[in-house]
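My notes follow in the order I looked things up.

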Amino acid sequence: MPHSPINQQDINNTVWKACDTFRGTVDPSIYKDFILTMLFLKYISDVHQDKLDELTTQFGGNQAMVDAMLASQSFKIPAGATFWNLYENRYEAGNGSRIDQALHAIEEANGTKLKNVFQDISFNTDKLGDEKQKNDILRHLLEDFGKETLNLRPSRVGSLDVIGNAYEYLIKHFAAGSGKSAGEFYTPPEVSDLLAILLEPEEGDQICDPACGSGSLLMKCGKQVQKNYNGSKKYALFGQEAIGSTWSLSKMNMFLHGEDNHRIEWGDTIRNPKLQDATGGLMHFDVVTANPPFSLDKWGHDDAEHDPFGRFRRGIPPKTKGDYAFISHMIETLKPQTGRMGVVVPHGVLFRASSEGKIRKQLIDEK
């Protein structure tokens, strides 16, 4: 029996309602990771179930053939590790440890695609209270995601972008609730769309975001290549993200969108750039773009003078404003002559004097 279509607002409303499970008990900065990870698990479980039903119908009682075809899919969920396995056991003690075990089984089954993605996310944590409270909270969470209004089978959803949009919707609302800018986690779609168009990424390009957040800007650049080159996926996405849980989100986002040709590193781009070539130097890219944290304090000023990569040869940015630290890093990672760069920064970088003024003059003189 065909499933009725689901629209974006249905998904957004249902998932946002699931946050009520945590409100008043757990800080949004903590439960954000639980909600987004559960959305990921629910989606891949529904995709898996959709495919299982399709193959079972196609091959009848030939379970060996069904298993063989499932094993050839782009992602794998081991037996007992789906959302629905967890849902069925939700009234039993140990929800936290069961969820963690399922996530790590999925991580192991998918090799490098999800390697270490869940290492910074644990549902079996005392941040959710004592064992009884934790078990009750996670039971309610499973029940929220188990509602028919959040049936995310491809036969209902129709497009992976719907899930990506739900991620962005949640991140935006989490940021607003915590008094932070959503730009800490993702680039607003209007901005990332404009950057992707202006930078004109081409087939074969290597594209980098050194402050990639959840990966939305990188993926918009990839979509631009696909749009202009007949669906081609001949490009590579590179990124680095300092916050562990946001790095995990980026990896999950890439996985959901089928962006297999990517390399996303976890670490501080200014203090410890991890996108290096075989000789230990900085990699160079065709396109470099970012929406780095605005005027970041404590960005690594103390070590900048002796930067082994020579990124601050035009001058060292002020201690309390790291905007030109990111700009300088991005410029040094462009391919000579042909590299293109687009960055979102506060307007003060155009007018502030002192060390920033000297860096700005150097850049203009070089041009």
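Which residue in strand 5 is the bridge partner of Val288? I found Met341. Before going further I noted the ground rules. This is a predicted model, so I recorded that local features need pLDDT of at least 70, that side-chain atom pairs count only at pLDDT 80 or more, and that totals for chains, interfaces and linings use all residues. Residues are numbered from 1 along each chain as its sequence is written, and side-chain values use heavy atoms, with hydrogens and water left out.

**Entry: strand 4**

I started with strand 4, residues 287–290. Helices (H or I, at least four residues) and strands (E, at least two) are DSSP runs, numbered from the N terminus. Two strands pair if DSSP finds at least two bridges between them. Strand 4 runs parallel to strand 5 (residues 340–343), and 4 bridges join them. Strand 4 also runs parallel to strand 1 (residues 206–209), with 2 bridges. On that side I noted Val288 as the bridge partner of Cys208.

Next I checked the side chains. Val287 and Thr289 point one way, while Val288 and Ala290 point the other way. All are buried, that is, under 20% relative accessible area; exposed means over 50%, and partly exposed lies in between (1.4 Å probe, protein chains only).

**Entry: cavities**

I searched the whole structure and got 2 cavities of 30 Å³ or more. The search runs on a 1 Å grid over the protein atoms alone: a cavity is a set of points where a 1.4 Å probe fits but cannot get out, a pocket is an open set with protein on both sides within 12 Å along at least five of seven lines, and lining residues have an atom within 4 Å of a point. Grid points are joined across faces, edges and corners, and a volume is the space filled by probe spheres set on the points.

The largest cavity has a volume of about 60 Å³. Cys208 and Val288 are among its lining residues, and I also listed Gln240, Lys274 and His329 there. The lining divides into 6 nonpolar, 3 polar and 1 charged. Here Ala, Val, Leu, Ile, Met, Phe, Trp, Tyr, Cys and Pro count as nonpolar, Asp, Glu, Lys and Arg as charged, and the others, Gly among them, as polar.

The second largest cavity holds about 40 Å³. Its lining includes Lys32, Asp33, Ser245 and Met252. Helix 2 (28–59) and helix 11 (244–256) are the elements that give two or more residues to that lining. Helix 2 has the largest share, 4 residues.

**Entry: the largest pocket**

I put the largest pocket at about 550 Å³. It is lined by 21 residues, and Ile331, Leu334, Met341, Leu363 and Glu366 lie nearest its centre. Helix 13 (323–332), strand 5 and helix 14 (354–366) each supply at least two lining residues. The lining splits into 12 nonpolar, 2 polar and 7 charged.

**Entry: nonpolar cores**

A nonpolar core is a set of buried Ala, Val, Leu, Ile, Met, Phe, Trp, Tyr and Cys residues joined through side-chain atoms within 4.5 Å. The largest one has 51 residues. Phe22, Ile35 and Ile44 are among those with the most contacts inside it. Helix 2 gives this core its largest share, 11 residues.

I then followed Ile44. Leaving out residues up to four places away in sequence, Ile44 touches Phe75, Ile77, Ile106, Phe255 and Leu256; contact means heavy atoms within 4.5 Å. Another core lies apart from the largest one and has 14 residues, including Ile207 and Met254.

**Entry: single residues**

Where is Thr82? I placed Thr82 in the loop between helix 3 (63–71) and helix 4. Thr82 is buried, with a relative accessible area of 12%. Beyond residues up to four places away in sequence, Thr82 touches Ser45, His48 and Ile77. The C-alpha atoms of Thr82 and Ser45 are separated by 5.3 Å, though the two are 37 residues apart along the chain.

Last, I looked up positive phi values. Lys298 is not a glycine, yet its phi is about 55°. Lys298 sits in the loop between strand 4 and helix 12 (301–304) and is exposed at 66% relative accessible area. Ser354 has a positive phi too, near 55°. Ser354 belongs to helix 14 and is exposed, at 59%.
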